[in-house]
Amino acid sequence: MTVSLPLVTVLGFFAWGAVKFLGVRTWIVVLIALFGFWLSHTFMAPAIESGTRSGVDIVHGSHD
């Protein structure tokens, strides 16, 4: 059985787990999320998108 989850959902679970179990402060998670949002509007966004897709393909084992 294959289950497909968006990457943002998986990252959300990691953030929730970090706050709940590792004692990471909520404001740090919010700050990192805002940094990612603002970073997505810079010239680095295409490189980040490409690197993320390549990493997911490697982990997923995609063979195109």
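This report describes the fold, the surface and a few side-chain contacts of one predicted protein model.

Because the model is predicted, local features need pLDDT of at least 70 and side-chain atom pairs count only at pLDDT 80 or more, while totals for chains, interfaces and linings use all residues. Residues are numbered from 1 along each chain as its sequence is written, and side-chain values use heavy atoms, with hydrogens and water left out.

**Overall form**

The protein has three helices and zero strands, where helices (H or I, at least four residues) and strands (E, at least two) are DSSP runs numbered from the N terminus. Read along the sequence, these elements give the pattern α-α-α. The radius of gyration is 14 Å, well over the 11 Å that the globule rule gives for 64 residues, so the protein is more spread out than a compact globule; the radius is taken over C-alpha atoms, and the rule is 2.2 Å times the number of residues to the power 0.38. Along its principal axes, the C-alpha trace spans about 40 × 35 × 15 Å.

Of the 64 residues, 3% count as buried, a term that means under 20% relative accessible area, with exposed meaning over 50% and partly exposed in between (1.4 Å probe, protein chains only). The accessible surface comes to about 5,900 Å², of which 72% belongs to carbon and sulfur atoms; such areas come from the Shrake-Rupley method with a 1.4 Å probe, and for residues only the protein chains shown count as cover.

Helix α1 has 15 residues and reaches 21 Å from its first C-alpha to its last, close to the 21 Å expected at 1.5 Å a residue, the expected span being 1.5 Å times one less than the number of residues. Just after α1, G23 takes a positive phi of about 75°. Within the helix lies G12, whose C-alpha atom is separated by 15 Å from that of F35, 23 residues apart along the chain.

L7, L11, F14 and V56 make a nonpolar surface patch of about 400 Å², and helix α1 (residues 7–21) gives the largest share of this patch, three residues. Patches are made of residues with over 30% relative accessible area and no salt bridge, like charges being joined within 9 Å and nonpolar side chains (Val, Leu, Ile, Met, Phe, Trp, Tyr) within 5 Å.

The 16 residues of α3 should span 22 Å at 1.5 Å a residue, and the end C-alpha atoms are 22 Å apart, which agrees. Just after this helix, G61 takes a positive phi of about 80°.

The count comes to one salt bridge, defined as a side-chain nitrogen of Lys or Arg within 4 Å of a carboxyl oxygen of Asp or Glu. E49 forms a salt bridge with R53, with the closest N and O atoms 2.7 Å apart; because E49 and R53 are four residues apart in helix α3 (residues 45–60), about one helical turn separates them.

A search of the whole structure finds one aromatic pair. The rings of W16 and F21 have their centres 5.7 Å apart and their planes at 90°, so the pair is edge-to-face. Rings of Phe, Tyr and Trp (its six-membered ring) pair if their centres lie within 6.5 Å, and planes under 30 degrees apart count as stacked, over 60 as edge-to-face and the rest as tilted.

The table lists the accessibility of several residues named above.

| Residue | Relative accessible area | Class |
|---|---|---|
| L7 | 42% | partly exposed |
| G12 | 37% | partly exposed |
| W16 | 52% | exposed |
| F21 | 63% | exposed |
| E49 | 40% | partly exposed |
| R53 | 55% | exposed |
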